[in-house]
Amino acid sequence: MAGMTKIILGNLASKPATRPHPFEPHQPMEGYRGELINDPAVCILCGMCQRTCPSACLQVSKAEESWRWHPLECVFCGNCVEVCPVDSLSMKRSYLPVQRQRLEVELHVPKKAPKKKTSKTAQPEADKTEAEA
Amino acid sequence: MAGTVIPFGPQHPVLPEPLQLKLVVKDEIVEEAVPQMGYVHRGLEALVKVKDFKQMTQVVERICGICSSIHGLTYCLALEELMGVQPPPRADYLRVAWSELHRVHSHLLWLGLFADALGFESLFMQYWRIREKVMDIMEATAGNRVIISVNVIGGTRRDIDEAQRKWVLGLLDEMEREVKATERALLHDYAVKRRTVGKGVLTREQAYDLGAAGPTLRGSGVAQDMRQLGFCAYKEVGFEPVVEHDGDSWARAKVRYRETLQSIELVRRALAGLPAGETMVKAKGKPPAGELVVRSEQPRGELLYYVKTDGSKNLERLRVRTPTFANVPPLVVMLPGLELADVPVVVLSIDPCVSCTER
């Protein structure tokens, strides 16, 4: 056991590797894919996030002006954030805590007037929205 | 055959994965082992009918938690070849870095479980303590600890900048020192050697004829490793398979220990030789009709993907042949003749990943 004794003595002399959770909640690192946040002021209800989602946890309805996210079905892959044409989706740097009820996030997203030619990606989607509406 | 039948698994305190073996035992000596699989069959391959080929990347990564990144990598390699997309060189090197980090984390996990199966819990905790450093690297560079989801069709989603690269290299040095410090406790300990040397012997001919894969094959003396095929940047980084010749559990443990150190070195080389440029090429349109077989090397052995497309956005067929599926016949051959108490360690020595096997 000589090999292990040296390791154990070394571990006794250094600080513990265990995080003191929940007394000191752990802050995930930069770039962590945590909770999904949508900005209702920017979202144009195009539905790209719903089409890309692998676990079908997003429901976007232009008629009802609503954007729904089911966090307990989400796999936090980040695909929706990447395809969003207006960058209204982002992921927070925190993990979802334990839930006691089935959670659903619903946002009321008001319809927006078509944007003037400000950015290349937003413009074609805004035109399509206006054409369909 | 007359004898007592003892069911080992699918739920057993020492097994990390739900593999069921019915052991036919006579007077403590195992005479026959009958495997039964299907406890965790989730039908993931059938999801190709429902999810399109881009969403399948996320599904495929969740076939297994320990080797998830390499599942995603092989799927992306298959689709890239079908669609004629060539990822940029920086993506190739980054993919090697993340795959080898995944291999380090998987082997450290296995070394810990191996020690735990022998009852050596302090060494188990020590290996998992070292593994936490790899988890931190994954979280900082890729966004998540276990299912890192960095491979997409066309390259990688994330990049490693200069500051992160230096930090990762520093952590790798610490990890290498700590892993080397455990060699004496794991491989040269009297009690460990008595329980693993000469147990579960797989001869070279048996390993080759039964189609073993990975460290099970390389522990019996056959120098075969899919990374020799040179996909991604393995040719540029330079790679030689690690081989041992005894064919027993001790040899397989030694192969995995040496591969851990080799993988740390490969990550260093990949990060040192990172070319500049983009990490991703946009892959437009749907894959054309065709079929393709792609192989890569998981921590447990050779992984084979068969992809058949018919021109629509859903794949027609996806078939995954995982290494544990190939390692179960050698396991069934290794077990007869062993005492009952030696069975858990030998079963663990092939590194079973049953969630991969049964998808």
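1. Basis of the note. This is a predicted model, in which local features need pLDDT of at least 70 and side-chain atom pairs count only at pLDDT 80 or more, whereas totals for chains, interfaces and linings use all residues. Residues are numbered from 1 along each chain as its sequence is written, chains are lettered from A and ligands numbered from 1 in the order in which they are written, and side-chain values use heavy atoms, with hydrogens and water left out.

2. Side chains of opposite charge can pair when their charged atoms come close. Over all chains, the search of the whole structure finds 33 salt bridges, each being a side-chain nitrogen of Lys or Arg within 4 Å of a carboxyl oxygen of Asp or Glu. Glu106(A) takes part in one of them with Arg68(A), where the closest N and O atoms are 3.2 Å apart. This pair links distant parts of the chain, since Arg68(A) belongs to strand β3 (residues 66-69) and Glu106(A) to strand β5 (residues 105-108), 38 residues apart. Here strands (E, at least two residues) and helices (H or I, at least four) are DSSP runs, numbered from the N terminus.

3. A pair within one helix of chain B. Lys180(B) and Glu176(B) form a salt bridge at 4.0 Å, N to O, and both lie in helix α5 (residues 162-181), 4 residues apart, or about one turn of the helix. Glu176(B) is buried at 17% relative accessible area, whereas Lys180(B), at 48%, is partly exposed.

4. A loop-to-helix pair in chain B. Glu244(B) and Arg258(B) are joined by a salt bridge whose closest N and O atoms are 2.5 Å apart. Glu244(B) sits in the loop between α10 (234-237) and α11 (249-272), while Arg258(B) is in helix α11, so that the pair links parts of the chain 14 residues apart. Glu244(B) counts as buried, at 11% relative accessibility, and Arg258(B) is partly exposed at 33%.

5. The interface. Chain B contributes 27 residues and chain A 28 residues to the contact, with contact taken as heavy atoms within 4.5 Å. About 2,200 Å² is buried between the two chains, 46% of it from carbon and sulfur atoms; this is the accessible area (1.4 Å probe) lost when the two parts are put together, summed over both. On the side of chain B, Arg129(B), Glu139(B) and Arg157(B) lose the most area to chain A, together 26% of what that side buries. The interface holds 2 salt bridges, and Arg157(B) forms a salt bridge with Glu82(A) at 3.2 Å, N to O. The elements of chain B that give two or more residues to this side are α4 (121-142), α5 and α6 (183-187), and α4(B) supplies the largest share, 8 residues.

6. A buried leucine. Leu217(B) is placed in helix α9 (residues 215-218) and is buried, at 3% relative accessibility. Leaving aside neighbours within four places in sequence, the contacts of Leu217(B) are Ala207(B), Tyr208(B), Ala212(B), Val222(B) and Gln224(B).

Technical notes: Buried < 20%, exposed > 50% of the residue type's maximum accessible area, 1.4 Å probe, protein only.
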